[in-house]
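Thanks for making time this morning. Let me put the sequence and the structure up on the screen, and then we'll walk through them.

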Amino acid sequence: LPALASGLRLAGESDHREWPVYLTRKQAGQAAVFELALTSAVSVMPEGSNLRLMINGQTLAERQIHAFGQPQKMLFDLPAGVLQPGVNAIRLAVSQRHRVACDPAATYELWSDIDPARTGLRFPDSALGLESLPDLAALAPDGRGANRLRIVLADVSDMKALSRAVGVLTRIARETLITQPIVEVTGSAQHSDGLTLIMGTPDELRALGSPAMPQPGNLTLVENGSGVTLVAAELDPAGLD
């Protein structure tokens with residue numbers, strides 16, 4: 001799930017967190033599983049504390065909270081049709097009660113922490129099924145909720161080429177609502193999670209080990225497991241501009 005500025009602690013008697021999650025048509029057409037790892041305050045009362053999963057305004061399930069001091073793993077089956085292509089609103093809401101205290105001050109000791117590295121959607125087919133550039137919004141973030149963006153350059157000291165590539169990634173990040181980008185610049189086209197951008201002439205693309213060789217004037221998306229490479233080819237720098 002993407003990172004949230006509000007953090008991942010559900011605190012007090014009632015709290016919630018909501019994530020916008022973009023899915024491709026292929027992803028949304030599958031049955032999926034939502035996995036959640038939760039650790040709660042030791043004084044939470046399980047018979048009076050629960051968590052609800054809601055997707056696009058629909059409550060799908062409710063579970064008791066009993067993760068005292070160690071993570072509690074919850075699995076929610078999502079039948080095909082629950083998720084939709086495009087942006088989905090995934091909301092977790094908690095109602096929490098104390099076992100041993102009920103005074104107002106005790107409310108601040110009620111909390112449940114979500115583990116971001118172990119929480120998210122799992123699909124039987126991990127392929128994204130990209131159909132267009134906007135589908136890059138479906139790239140999964142890393143365990144911290146950040147999106148990894150990688151620029152591959154023949155000469156990493158070429159500031160003009162770097163500025164061009166940063167401009168492309170900036171536009172992609174803006175249009176796909178990436179809010180926590182981590183950008184890396186490298187001289188090798190090795191497979192990586194997230195989005196990798198390679199731009200160059202045919203000779204440069206071959207020298208970089210590009211996974212695709214589009215015709216000059218074109219670009220292509222290459223999907224490889226948890227990563228996608230965007231390759232753009234032109235005959236000269238002016239064409240790339």
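Which residues make a nonpolar surface patch of about 220 Å²? They are V156, V183 and V185. Keep in mind that this is a predicted model.

Take V156 from that patch. Find the loop between β10, residues 147-152, and α2, residues 159-175; V156 sits there. Its relative accessible area is 44%. Buried would need under 20%, and exposed over 50%. So V156 counts as partly exposed.

Now to strand β3, residues 32-40. Is it mostly enclosed or open? Seven of its nine residues are buried, so the rest of the structure largely encloses β3.

Next, the strands that pair with β3. Start with β6, residues 72-78: seven bridges join β3 to β6. The two run antiparallel. Then β9, residues 120-122: here three bridges make the link to β3, again antiparallel. And β8, residues 111-114, is joined to β3 by three bridges, also in antiparallel fashion.

Some individual partners, if you want to click on them. V33 faces D77 in β6. In β9, V33 has R122 as its bridge partner. At S40, the bridge partner in β8 is S112.

How many cavities of 30 Å³ or more does the structure hold? One. The largest cavity has a volume of about 50 Å³. Its lining includes L136, L139, A140, I172, I178 and L195. N147, R148 and T176 are also among the lining residues. Which strand supplies the largest share of that lining? It is β10, with three residues.

Last, the largest pocket. About 1,200 Å³ of space lies in it. The lining of this pocket runs to 46 residues. Nearest its centre are L1, A138, L139, A140 and P141.

Which element gives the most to the pocket lining? That is β2, with four residues. You will find β2 at residues 14-23. At least two residues each come from β2, β9 and β10.

Over to you for questions.

How values were computed: Residues numbered from 1 in each chain as written. Predicted model: local features only at pLDDT ≥ 70, side-chain atom pairs only at ≥ 80, totals over all residues. Heavy atoms only, no water. Buried < 20%, exposed > 50% of the residue type's maximum accessible area, 1.4 Å probe, protein only. Pairing = 2+ DSSP bridges. Patch = residues over 30% accessible without salt bridge, like charges linked within 9 Å, V, L, I, M, F, W, Y side chains within 5 Å. Areas by Shrake-Rupley, 256 points an atom, 1.4 Å probe, with all protein chains shown as cover. Salt bridge = Lys/Arg side-chain N within 4 Å of Asp/Glu carboxyl O. 1 Å grid on protein atoms, 1.4 Å probe; cavity = no way out; pocket = protein on both sides within 12 Å on 5 of 7 lines; lining within 4 Å. Points joined across faces, edges and corners; volume = space filled by probe spheres on them.
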